Amino acid sequence: MTVNKNLIWDYDWKEADYDTEEFKCWYIARVLMRGSTHDVRNIGFAKIQEYLPKITIPKRIREYWEYVFSLPFIIEKYGEYSDVG
């Protein structure tokens, strides 16, 4: 996963942190709230689907992504989404 340093400027994350679960949850949430389509593409739908149940994001953003993962062509490609969080 490529990290957009413009999205983490206000935190003191080190590159060594990028592989931690804590950073991945935080960064994916940050991308979903403030990132561009390019940032979303860098993470990938499969990774977003995997982490969505684990992250804290505003309700309207979560509902949007749950809708995206309910679309038939997305289910066909990435499988059924299950909010196990």
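Lys-14 is partly exposed, at 47% relative accessibility. On this scale, buried means under 20% relative accessible area, exposed means over 50%, and partly exposed lies in between, for a 1.4 Å probe and protein chains only. The model is predicted: local features need pLDDT of at least 70, side-chain atom pairs count only at pLDDT 80 or more, and totals for chains, interfaces and linings use all residues. Residues are numbered from 1 along each chain as its sequence is written, and side-chain values use heavy atoms, without hydrogens and water.

Start with the charged pairs. Side chains of opposite charge can pair when their charged atoms come close. Lys-14 does this with Asp-12: their side chains form a salt bridge of 2.9 Å, N to O. The term means a side-chain nitrogen of Lys or Arg within 4 Å of a carboxyl oxygen of Asp or Glu. Asp-12 is exposed, at 63%. The structure has 6 salt bridges.

Another of them joins Glu-15 and Lys-5, at 3.0 Å, N to O. Both residues sit in the segment before α1, 10 residues apart, and the pair links distant parts of the chain. Here helices are DSSP runs of H or I with at least four residues, strands are E runs of at least two, and both are numbered from the N terminus. Glu-15 is exposed, at 56%. Lys-5 is partly exposed, at 46%.

A further bridge ties Arg-30 to Asp-10, at 3.1 Å, N to O. Arg-30 lies in helix α1 and Asp-10 in the segment before α1, 20 residues away. Arg-30 is buried, at 7%, while Asp-10 is partly exposed, at 34%.

Now turn to helix α2, which holds Asp-39. Asp-39 is buried yet has no salt bridge. The nearest side chain of opposite charge is Arg-41, 9.1 Å away; Lys and Arg count as positive, Asp and Glu as negative, and His and the chain ends are not counted. Arg-41 is also in α2, but exposed, at 61%. Asp-39 does have a side-chain polar contact with Asn-4, at 3.1 Å. Such a contact is a pair of N or O atoms within 3.5 Å; within protein, one must be able to donate a hydrogen and the other to accept it, and residues adjacent in sequence count only if both atoms are side-chain atoms. Beyond its neighbours within four places in sequence, Asp-39 is in contact (heavy atoms within 4.5 Å) with Asn-4, Leu-7, Tyr-27 and Val-31.

The largest nonpolar core has 27 residues. A core of this kind is a set of buried Ala, Val, Leu, Ile, Met, Phe, Trp, Tyr and Cys residues joined through side-chain atoms within 4.5 Å. Ile-8, Phe-23, Tyr-27, Leu-32, Leu-52, Ile-55 and Trp-65 touch the most other members. Helices α1, α2, α3 and α4 each give two or more residues, and α1 gives the most, with 8.

Last, look at α4, residues 59-68, where Ile-61, Arg-62, Trp-65 and Val-68 are buried. Seen down the axis, these fall within an arc of 120°, so they line one face of the helix; the arc is that of the directions from the helix axis to the C-beta atoms. They pack against α1, α2, α3 and α5. The face turned away carries the exposed residues Lys-59, Arg-60 and Tyr-67.
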